[in-house]
Each structure stands twice: as C-alpha cells, then as structure tokens.
Amino acid sequence: MARCFNFCAGPATLPVSVLEAARDDLVDYQNSGMSIMESSHRGAQYAAVHAEAEANIRELMGVSDDYAVLFLQGGASTQFAYIPINLLGEGQTADYTNSGAWAAKAIKEAKLLGNVNIAADCGSEIPTRVPSIEELQLTDGAAYLHVTSNETISGAQWKTFPTGGAPLVADMSSDILSRPVDVNQFGLIYAGLQKNLGPSGAALVIIRKDLAERVPESTPTMFKYATHIKAGSMFNTPPCLSIYILMLVTRWLKAQGLENIYKQNVDKAAALYAAIDGSDFYRGTAVAECRSDMNVTWRLANEDLEPEFVKQADARGFKGLKGHRSVGGIRASIYNAFPPEGIDALVSFMKDFEAKNG
Ligand SMILES: *Cc1c(COP(=O)(O)O)cnc(C)c1O
C-alpha cells in the first residue's frame, strides 16, 4: 500500500486505521449481512453508531447537558445562514469579526438576514491575522458575536477567544478537536466534518439549548435547530455513512488523547514554521502570533518558482500543497490525522529544493 502525504485542505487525510476499519466493515457490517450504508437509520445498528458519535464528541470536548450536539447536512456553509435565521431576532444586531475569506462568507449570509455590525475587520490585511480582542467594537446587547476560529485559506487562527459578552458563535471547521477548548465559553460551535472529523456530508453543531428557542415560529421546520434537537438529528435521514466515519475518527481521537493530539499538532506546525523562518528562500504569510497550527501558509521569496515547487513536491508524493486559488502561494494543511513523518519529509524536501534553486 502506498499512501501519499496528503496536505489537502478539505476533504483531508484521515487516520489509516479508520479507513481500514471502515473497509473491513464495508460489505458486511458486523455480521449483519449488509453495510451500514444500507441499514435503516431507524434500526438499532445505526442508532448505536449515531449515539456513539455523539457520546464521543461530548466526552472529547466536555459538552454538558445544557448543549445539544447535532449532525446537520449542508456543510458549514449552510450554517452561515442557519445561525442568523435562528439566533438573530428582528431589530437585533449580530457582531461579526472579519478575519478573511471564510469570515466574509459568514458575514455575507448574515447580512441577507438581519443587522450586522463588523466588530473588527482585518480580512484583507497582508500579512494575514485575526483581530485582537482589544480592537473589537462590540454592540451592546448583540444577539451574538461570530468568529472564525481558524481561517483555512490564510492560515490565521484565534489563540484566545473573546468571551464574556454576547453568546460566542465560532466556525471551527478547520480546527475543531485540534486543541482543548472550553465549550461553556461558547453559545454555538460549528464545523464541516471534512477537515478534522471525517468525510464531507455533514456539519457538527454544538448549541446551547436555550439559544435554539429564539427562532421565529414561522421558520420552515428543517431550518430550525429546535427541530433537530428534538429529533436527535434524525428528523429526516441523516448522512449515515459520514456519521459512521465520524464515530470511528472520534474513537481514534479518544485512543490518542486530545492533549496528546494537541501537543503533536503544536510540534508539527512549529517544525514547519521553523523551516520557513530559517531561510530567506521562504516567507510565512501570517502574523507570527496568529499562525495556524492546522493550515501553514507561506510563499517563496521568488514567487515565480512556486509552480515548480508544487510540481516537484507532487512528484515526490506531497499532494495538495498549492495555496488556495484566491491567494496563491503554498499551503500545508496538517490536521490531526496528518502524520509527523510527513512534516519531516516535507522539511527535507524544502531544504533540497532551496539548495537546488536558491
Ligand atoms: C471549509 C470551511 C467552510 C466550508 O465548509 P463546507 O462544509 O464546505 O460548507 C467553512 N468555514 C471554514 C473555516 C472552512 O474551513
């Protein structure tokens, strides 16, 4: 078996043991004579998978009974609209921070649905960063404050969150479960599965239950969090296969230990940033104190060499290093499941490439 080093931003690399477990159970799930994809979502077999996925998330993140854990279709992008539909009442204002491309998308949807105050805007600054807590201009009595925990494209990440005011809503699509967070500091956390949690096909939503009661009565049923809380994310057919893989990934995470994963993530990112900083041939694109541990972004001093860098890396089995089409440059997405050996191998390729082209 030849596995490449997969630096793709999402969908992204998964633990090999998860893929193997899924393969082994694919055709005949635990002697049931059918796969989990073919099994009724109302049956006991799938119910156990669904319940374990939720229980694992609750355990790993320390989610109390004040919060619901939901699996909803439409990815993280659908949540950009769900949140204002459910949480932003008539005449109220929601505070949003603009830290880059993903925050901007969330803001665009919210503006279609209600009043938005941009509490800080550094979305188009280069080098890239997230706002500091001190610079936020918050609205008194805001419905909520939205942050993008990790900007996947620019590689900037919040290290501490602005807590203590309006309910904090965080898009954690690209750094969920990469580090410990105190869920009680948040009103709502959401994340598409396909970066750190599994395959695409659903978003994980963790919502303080009282916030779901704000929704106007006239909202269509499927667009109310309350509907899905009441039905345990089974109001309609859930994305069973995605949730099954999520269950396996969270099992794997529990076996690793979140603290260990976090430490490994910090070490992996530090090794890569050290290689970037250690040479004038490369230059990081995010402000140092905001550098993401999940998406490491940089440029070559000679940007004309970037296509060649990506091409040669690809030929050596380093896949997906090309920066997002909107910003160019190089991006290494190194989520939980990305192996440390892959970082060492990339660093030695970078040195090699510099020696030949520097
Ligand atoms: C990938 C990503 C999204 C979009 O996720 P989809 O599930 O494709 O809608 C939203 N926010 C962030 C921060 C992301 O990285």
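Both F309 and F353 are buried. Keep in mind, as you look around, that this is a predicted model.

**Aromatic rings**

F309 and F353 belong to one aromatic cluster, together with F5, F7, F281, Y282, W298, F318, F338 and F349. Searching the whole structure turns up 19 aromatic pairs. One of them joins Y29 and Y244: the ring centres are 5.7 Å apart and the planes stand at 90 degrees, so this pair is edge-to-face. Y29 sits in the loop between helix 1 (16-24) and helix 2 (44-61), while Y244 is in helix 6 (residues 240-256), so the pair ties together parts that are 215 residues apart in sequence. Y29 is buried, with a relative accessible area of 5%, and Y244 also counts as buried, at 3% relative accessibility.

Back to F309 and F353: these two rings form an edge-to-face pair, with 5.2 Å from centre to centre and 85 degrees between the planes. F309 lies in helix 8 (residues 306-315) and F353 in helix 9 (residues 340-357), 44 residues apart, and the pair links these distant parts of the chain.

**The ligand**

Now for the ligand, which sits in the second largest pocket. Around it are 13 residues, of which A76, S77, T152, D171 and K195 come nearest. Helix 3 (residues 75-87) gives the most to this shell, with 4 residues.

| Residue | N or O atom belongs to | Distance to a ligand oxygen atom |
|---|---|---|
| A76 | backbone | 2.9 Å |
| S77 | side chain | 2.6 Å |
| K195 | side chain | 2.7 Å |

Taken alone, the ligand exposes 380 Å², and the protein buries 87% of that.

Conventions
Residues numbered from 1 in each chain as written. Predicted model: local features only at pLDDT ≥ 70, side-chain atom pairs only at ≥ 80, totals over all residues. Heavy atoms only, no water. Phe/Tyr/Trp six-rings, centres within 6.5 Å; stacked < 30°, edge-to-face > 60°. Helix = DSSP H or I, 4+ residues; strand = E, 2+ residues; numbered from the N terminus. Buried < 20%, exposed > 50% of the residue type's maximum accessible area, 1.4 Å probe, protein only. Near = heavy atom within 4 Å. Polar contact = N/O pair within 3.5 Å; in protein donor to acceptor, adjacent residues only side chain to side chain. Areas by Shrake-Rupley, 256 points an atom, 1.4 Å probe, with all protein chains shown as cover. 1 Å grid on protein atoms, 1.4 Å probe; cavity = no way out; pocket = protein on both sides within 12 Å on 5 of 7 lines; lining within 4 Å. Sits in = over half its atoms within 2 Å of the grid points.
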